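This briefing sets out selected features of the structure shown here, grouped by topic. Please read each group with the sequence and the coordinates side by side.

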Amino acid sequence: MMEFSFWDIVRNLLMAMRWTIGLSMIAFIGGGLVGLLLVLLRQSKSAFMNLLATTYVQIFQGIPLLVQLFLAYYGLGLFGINASPWVAASIGLTLYTSAFLCEIWRGCIASIPKGQWEASASLALSFYEQMRYIIFPQAMKIAVAPTVGFLVQVIKGTALASVIGFMELTKVSKTIANATFNPFLVFSCVALMYFLLCYPVSLYAKHLERKMHVHR
Amino acid sequence: MSIVEIVGLRKSFGTNDVLKGIDLQVKKGEVIAIIGKSGSGKSTLLRCINGLEAFHSGNLNVDGKPLIHDSVTAMRELRQHVGMVFQSFNLFPHLSVGKNIMLAPSLVKHKNAAANEAQARKLLDRVGLSEKFNAYSEQLSGGQQQRVAIARALAMEPAVLLCDEITSALDPELVGEVLRVVESLADEGMTLIMVTHEMNFARKVADRVIFMHQGLVHEIGEPAELFANPKTPELQQFLGALHS
């Protein structure tokens, strides 16, 4: 039987961590883009567009991420698309992230005082101009801290992609734990790695939050 | 010639009738003060004139053009003729004072940058804040913010300026500086329609005073006459309550 040194374990876990980071970034960028589209739909005056976005958010906030990942993985298979774990995990996490980001951002936009809308409307600005020059710049400032904070949830959420066979940190650690017969050591290392990944991000979110409060 | 013509204007919030048929003609260069108890519909009337509130029936013309609330282009056109100053200033906090003033002329009127800045500086000078071009609203007092808001509205060169209780949110010692600016506008012939609680100011500056009561124009007249000889018991009571 092959012997695993501690360094072997750590090295393999670090390699796997790259996929966790990669998947987090895909989820965050994809989710951010879709979330932005959703939040625009939520602001539109069309009742249909509004309902569409609301329904989307309700659905994907109301289904566990784990189940969404299963659905993405096996669902694509049903349509004859042979989805790789990469594609399925990216789609599942993007759906999940976009729904939450939409809600976070919608809340930030709603927190801009009504007077800002009225003053800009009185100056004959169009809806697009109001959004672009008055509402978004102010909402974005408020949104930075909770958005970065949510990134932590996304990073931890990628662990669930292990169930559809995606070889990220959690999946690799299970394999290593089985091979080394030392699950506690392996999962302790994994826990530490997730923590080292998430802690700076949440510290940064706190820092941003504090900075915002001083400024306003 | 009337610059604002209002005929049979009605509006309700749910089952609550706020405006029950307002008729009003405002001539060019006229200064109108609207007074009345809270809930009498005076702010709602003002907000109908630039389309911040939609009305249910009646007609409203500004500069000869009808207000069509559902038409985006018509509203954009109308709002270039009607400026508004709010009780709560509503400056854009993320933009400097100068940019607050220059934003709408550049976006809506496509004014060129140099002319726009020159105009903004001139307007700031006019409201006595020429040194605040690069300041942000959080660095200004309430009175200064309100004067910037007036400059911002004037930058669109409106034909009518609506003032919605513009001194009500100010500390007493800051009211004077804002009213002086408004008075100078009146002297220069700007058409002003203002909702106000400053009776002395209304008496001094307004050409006509409108007393609103329960969604109707209850009494209308020149300030000297209206304040000295209120005809209706409601106005007598309203003015009496102010003095006691």
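**Helix packing in chain A**

In this predicted model, A:L65, A:Q68, A:L69, A:A72, A:Y73 and A:L76 of α3(A) meet A:A88, A:A89, A:I91, A:G92, A:L95 and A:Y96 of α4(A). The residues of this contact between α3(A) and α4(A) divide into 10 nonpolar, 2 polar and no charged.

- The axes of α3(A), residues 65–78, and α4(A), residues 85–110, come within 8 Å of each other and cross at roughly 135°, and that angle makes α3(A) oblique to α4(A).
- The crossing in which α3(A) passes α4(A) is right-handed.

**Chain A as a whole**

- Chain A contains 8 helices and 0 strands, so that its pattern, when read along the sequence, is α-α-α-α-α-α-α-α.
- The C-alpha trace of chain A spans about 80 × 50 × 20 Å along its principal axes, and buried residues make up 35% of the 216 residues in the chain.
- Among the contacts in chain A that link residues at least 6 apart in sequence, 76% join residues that are at least 24 apart.

**Helix α1 of chain A**

- Helix α1(A) runs over residues 6–43 and has 38 residues, and the 53 Å from its first C-alpha to its last is close to the 56 Å expected at 1.5 Å a residue.
- The buried residues of α1(A) include A:I9, A:A16, A:T20, A:L23, A:A27 and A:F28, and also among them are A:G31, A:G35, A:L38, A:V39 and A:R42.

**Helix packing in chain B**

- The axes of α3(B) and of α5(B), the latter covering residues 142–154, come within 8 Å and cross at roughly 25°, which makes α3(B) roughly parallel to α5(B).
- The crossing of α3(B) and α5(B) is right-handed, and the contact is made by B:V97, B:N100 and B:I101 of α3(B) together with B:V148, B:A151 and B:R152 of α5(B).
- By class, the contact of α3(B) with α5(B) has 4 nonpolar, 1 polar and 1 charged residues.

**The side of chain B that touches chain A**

- Between the two chains, 17 residues of chain B are in contact with 15 residues of chain A.
- The elements that give two or more residues to this side of chain B are α2 (72–79), β6 (82–85) and α3 (97–108) of chain B, and α3(B) gives the most, with 4 residues.
- Sorted by class, the side of chain B that touches chain A has 9 nonpolar, 6 polar and 2 charged residues.

**Residues with positive phi**

- Most residues other than glycine have a negative phi.
- A:F181, although not a glycine, has a positive phi of about 55°, and A:F181 is found in the loop between α7 (169–180) and α8 (183–215) of chain A.
- A:F181 counts as exposed because it has 10 C-beta neighbours inside 10 Å.
- B:E165, likewise a residue other than glycine, has a positive phi near 50°, and B:E165 lies in the loop between β7 (160–164) and α6 (172–187) of chain B.
- B:E165 is buried, because 20 other C-beta atoms lie within 10 Å.

Terms used:
Residues numbered from 1 in each chain as written. Chains lettered and ligands numbered in written order. Predicted model: local features only at pLDDT ≥ 70, side-chain atom pairs only at ≥ 80, totals over all residues. Contact = placed C-beta atoms within 7 Å. Nonpolar A, V, L, I, M, F, W, Y, C, P; charged D, E, K, R; others polar. Expected span 1.5 Å × (residues − 1). Buried ≥ 20, exposed ≤ 12 C-beta atoms within 10 Å, placed from the backbone. Axes fitted to C-alpha atoms, helices over the stretch in contact; angles between N-to-C directions. Parallel < 35°, antiparallel > 145°, perpendicular 65-115°, else oblique. Left-handed = near helix turned anticlockwise from the far one by under 90°.
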